[in-house]
Amino acid sequence: MTELSLRLAVTFAQILAEMSIVMITVATLTYFERKVLGWMQDRMGPMEVGPYGLLQPVADGIKLFFKEDIVPAGANKAMFALAPMLTMVVAMIGFAVIPFGPNITLDIYGITIKPFVVADINIGVLYILAIASIGAYGIILGGWASNSKYSLLGGLRAAAQVISYELNVGLALVGVLMLAGTLSLVQITEAQSGGFWHWFIWGGRPDGFFPIHTQIFAFVVFIISAVAETNRIPFDLPEAESELVAGFFTEYSGMRFAFFVSAEYANMTLVSCVASALFLGGWNAPYPGTILEYIGLEQLAWVEHIVWFAAKVYFFLFLFIWIRATLPRLRYDQLMRFGWKVMLPIALANIIITSITLYFFPR
Amino acid sequence: MTFKAWIKTITFYEILIGMKATMSHMLHYRPVTEQYPHEKRTLPDNYRGMLALLRYDDGTEKCVGCDLCEAACPSRVIRVVSAEVPGEPTKRFSKEYYMDMTRCLFCGLCVDACPVDALGMTREFEWSVYDKRQLHLNKEQLLAIGDRSFPVREKQLELQHPNVAFFNVAFKHLPQKPG
């Protein structure tokens, strides 16, 4: 009994830490996105609240917290309330299987914990795909329950788009799964240790440098589909401002609106984490081992690992913002044609080629 | 599709060009923003701001109540109530003078129409108020705006445009008015 309660306490502490990290990342990201977009468009971004607008996320949070919570007439109240919660919760619990740091174990009073991953389950990738699909329900429900034509159109677009691009996400990951031979994100990341030529985007064999198993095509497909799945520009058709006011969250205000927006940023962070863990070697540095290990600080090597993971995640987040600053929105038929006629064949061909190379050059 | 175009398509060449453009704007960061309440832009010389009634050097109002500004105004901003100066039947002044600045479009036609230069456009523009009635100005308020915007009323020749000075001397060869 004491072991169970201790285990529960440790797990809750881990969940709390992970959620606060994600929320801090989301808050940072709202500021970071506005700043970077401003810089790229010869503007300044937020400058008023605090030095260089640094307190803008806090001000936004307080403002949204005290805003009136409007439920439109004719809305399905239960569904209307459920949708933002569903989206937010789903965006949060996806992080449970993400390994933020190296796979080390700690023994505390007889129980073994992994400090940098909340739940190292052996179906991690499958879990993330399943959770991401549930996130689409929140968007569709929010669009449908608002009793507004714009919301409904946004929800319908989200349904078609998220489902068709999720297929590409899943198929792009198959090559990686074949290379690693496991679905656990911790073990997939461990399989890429020892330099950037072991990362699955390069795809060298464990004893060689030549990129025989390269997953670069799967990587590109994954990134594009991830942008589409998180409803970001240039695939932000569910919330196309110039056509559908705000898409599926047109009728939302106050904290519910904040939930949708934070869920979008959390989803961005989640796909960045997945992309760095699966293709860019997760916590592994691009050189074998760690520098802190070489200079004799083995017990602090995890710091360097975490810094590398954060650097990769923030690289992807910056890439998303960069793409947003550059590209206009696609037309709807272009979006669907790109998804089904370009991305899907590339993902399928990648699976076949990876299987063939894996058959002739097994790892 | 030629081979070159095909290569450009599969390597996202055009998109990369666009991303290079945005990145170069970020790296050579020169914002066009002016942080308005903290730093204000330089107004042009002929800026047409808030309207004001002016006075002569001795403090008397210039306005003679001729109603020409009211006639010239396209938005019917101005309302003048003219009256005789008591005891002097040949002189008139504006007993009441109202401006509804909510309607003013700052065209400056009233200033052009005024025969005695009693109206002027100041360089004030920060006139946003919470109550619309505060933009309904009477004569005392308009004179106050004029007093604070043009505190020095005598001609400052050193500030005059050289072309104006040229015209002033250029007519010296014409026969002067006797007396």
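This is a predicted model: local features need pLDDT of at least 70, side-chain atom pairs count only at pLDDT 80 or more; totals for chains, interfaces and linings use all residues.

Visitor: Which residues of α1(A) are the buried ones, and what makes a residue count as buried?

Guide: A residue is called buried if 20 or more other C-beta atoms lie within 10 Å of its own. In α1(A) the residues that count as buried are A:Val22, A:Thr25, A:Val26, A:Leu29, A:Tyr31, A:Lys35, A:Gly38 and A:Met40. Across chain A, 44% of the 363 residues count as buried.

Visitor: How do you know that the length of α1(A) agrees with its number of residues?

Guide: The helix has 39 residues, which at 1.5 Å a residue should span 57 Å, and because its end C-alpha atoms are 55 Å apart, the two values agree. Just after α1(A) comes A:Asp42, which takes a positive phi of about 60°.

Visitor: Why is chain A called as compact as a globular protein of its length?

Guide: Chain A has 12 helices and two strands. Its radius of gyration is 21 Å, and the globule rule gives 21 Å for 363 residues, so the chain is as compact as a globular protein of that length. Along its principal axes, the C-alpha trace of chain A spans about 65 × 50 × 50 Å.

Visitor: What does chain A give to its contact with chain B, and what kinds of residue are they?

Guide: The contact takes 11 residues from chain A and 13 residues from chain B. On the chain A side, the elements that give two or more residues are α1 (2–40) and α11 (301–326), and the residues of that side divide into eight nonpolar, one polar and two charged.

Visitor: Turning to chain B, what makes β3 and β5 paired strands?

Guide: Two strands pair if there are at least two bridges between them, and two bridges join β3 (residues 88–100) of chain B to β5(B), so the pair meets that cut-off, with the strands running antiparallel. B:Met99 has B:Leu137 in β5(B) as its bridge partner.

Visitor: Why are some strands of chain B called edge strands?

Guide: The open sheet has three strands in the order β2-β3-β5 of chain B, with antiparallel pairing. In this sheet β2 (78–85) and β5 (136–137) each pair on one side only, and these are the edge strands. Helix α5 (residues 139–149) of chain B lies across β3 and β5 of chain B, running at about 90° to β3(B).

Methods. Residues are numbered from 1 along each chain as its sequence is written. Chains are lettered from A and ligands numbered from 1 in the order in which they are written. Two residues are in contact if their C-beta atoms, placed from the backbone, lie within 7 Å. Helices (H or I, at least four residues) and strands (E, at least two) are DSSP runs, numbered from the N terminus. Ala, Val, Leu, Ile, Met, Phe, Trp, Tyr, Cys and Pro count as nonpolar, Asp, Glu, Lys and Arg as charged, and the others, Gly among them, as polar. Axes are lines fitted to C-alpha atoms, for helices over the stretch in contact, and angles run from 0 to 180 degrees between N-to-C directions. The radius of gyration is taken over C-alpha atoms; the globule rule is 2.2 Å times the number of residues to the power 0.38. A residue is buried if 20 or more other C-beta atoms lie within 10 Å of its own, exposed if 12 or fewer, and partly exposed in between; C-beta atoms are placed from the backbone. The expected span of a helix is 1.5 Å times one less than its number of residues.
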